[in-house]
Amino acid sequence: MGTEPVVRTAKAWTEAEVCKLIQEIISDLAPNPGTPVATARLVEDLGFHSLALLELAFSLEDEFDLPTIDEPTARTILTVSDVQQHVLTHLKANGQMMAA
């Protein structure tokens, strides 16, 4: 009895699903709890420090199957909205977004 190989297909996301899930992940990992709004700054408003930012990056990479983020790109991601745009850009580029 052979076993069939597991084939993993990418989930097709809506923008609303992505943004909501990112807000939930940020809220769960933020040192200063609260509901993160799009304009909330990761470090200044939500209290993320270097280790927490790494944990956030790893969580997003795992959840959305993202490539590892490089340091220059990471330095441009300052707000919740920046995180959302980074993830959405990657998902759109890889055809993982549902048509609106």
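Where is the place of Gln84? The place of Gln84 is in helix H4, one of the elements taken up in the views below, all of which show a predicted model in which local features need pLDDT of at least 70, side-chain atom pairs count only at pLDDT 80 or more, and totals for chains, interfaces and linings use all residues. Residues are numbered from 1 along each chain as its sequence is written, and side-chain values use heavy atoms, with hydrogens and water left out.

**View 1. The fold of the protein.** The secondary structure comes to four helices and zero strands, where helices (H or I, at least four residues) and strands (E, at least two) are DSSP runs numbered from the N terminus. Read along the sequence, this gives the pattern α-α-α-α. Of the 100 residues, 32% count as buried; buried means under 20% relative accessible area, exposed over 50%, and partly exposed in between, with a 1.4 Å probe and protein chains only. Among the contacts with a separation of 6 or more, 58% come from residues 24 or more positions apart, contact being defined as heavy atoms within 4.5 Å.

**View 2. The crossing of helices H1 and H2.** Helix H1 (residues 15-29) and helix H2 (residues 50-64) have axes that come within 10 Å and cross at roughly 145°; the axes are lines fitted to C-alpha atoms, for helices over the stretch in contact, and angles run from 0 to 180 degrees between N-to-C directions. The crossing in which H1 passes H2 is right-handed, the term used if the near helix is turned clockwise from the far one by less than a right angle, with left-handed for anticlockwise. On the side of H1 the contact is made by Val18, Leu21, Ile22, Ile25, Ile26 and Leu29, and on the side of H2 by Glu55, Leu56, Ser59, Leu60, Glu63 and Phe64. By class, this contact of H1 with H2 has nine nonpolar, one polar and two charged residues, where Ala, Val, Leu, Ile, Met, Phe, Trp, Tyr, Cys and Pro count as nonpolar, Asp, Glu, Lys and Arg as charged, and the others, Gly among them, as polar.

**View 3. The largest nonpolar core and Leu42.** The largest nonpolar core has 25 residues, and those with the most contacts inside it are Val18, Ile26, Leu42, Phe48 and Phe64; such a core is a set of buried Ala, Val, Leu, Ile, Met, Phe, Trp, Tyr and Cys residues joined through side-chain atoms within 4.5 Å. H1, H2 and helix H4 (80-93) each supply at least two residues of this core, and H1 gives the most, with seven residues. In soluble globular proteins, nonpolar side chains tend to be buried together. Leaving aside neighbours within four places in sequence, Leu42 is in contact with Ile26, Gly47, Phe48, Leu53, Leu56, Ile77, Leu78, Thr79, Val80 and Val83.

View 4. Ile77 has its place in the loop between H3 and H4, and it is buried, with a relative accessible area of 16%. Leaving aside neighbours within four places in sequence, Ile77 is in contact with Leu42, Ile69, Asp82, Val83 and His86. Thr79 lies in the loop between helix H3 (71-74) and H4 and counts as buried because its relative accessibility is 16%. The side chain of Thr79 reaches the backbone nitrogen of Asp82 at 3.0 Å, and, not counting residues up to four places away in sequence, Thr79 touches Ala38, Thr39, Ala40, Arg41 and Leu42.

View 5. At a relative accessible area of 7%, Gln84 is buried. Not counting residues up to four places away in sequence, Gln84 touches Cys19, Ile22, Gln23 and Ala38.

View 6. Asp65 is placed in the loop between H2 and H3 and is partly exposed, with a relative accessible area of 47%. Although it is not a glycine, Asp65 has a positive phi of about 55°. Most residues other than glycine have a negative phi. Asp70 is also found in the loop between H2 and H3 and is partly exposed, with a relative accessible area of 40%. The side chain of Asp70 makes a polar contact with the side chain of Thr73 at 2.6 Å; a polar contact is a pair of N or O atoms within 3.5 Å, of which, within protein, one must be able to donate a hydrogen and the other to accept it, and residues adjacent in sequence count only if both atoms are side-chain atoms.
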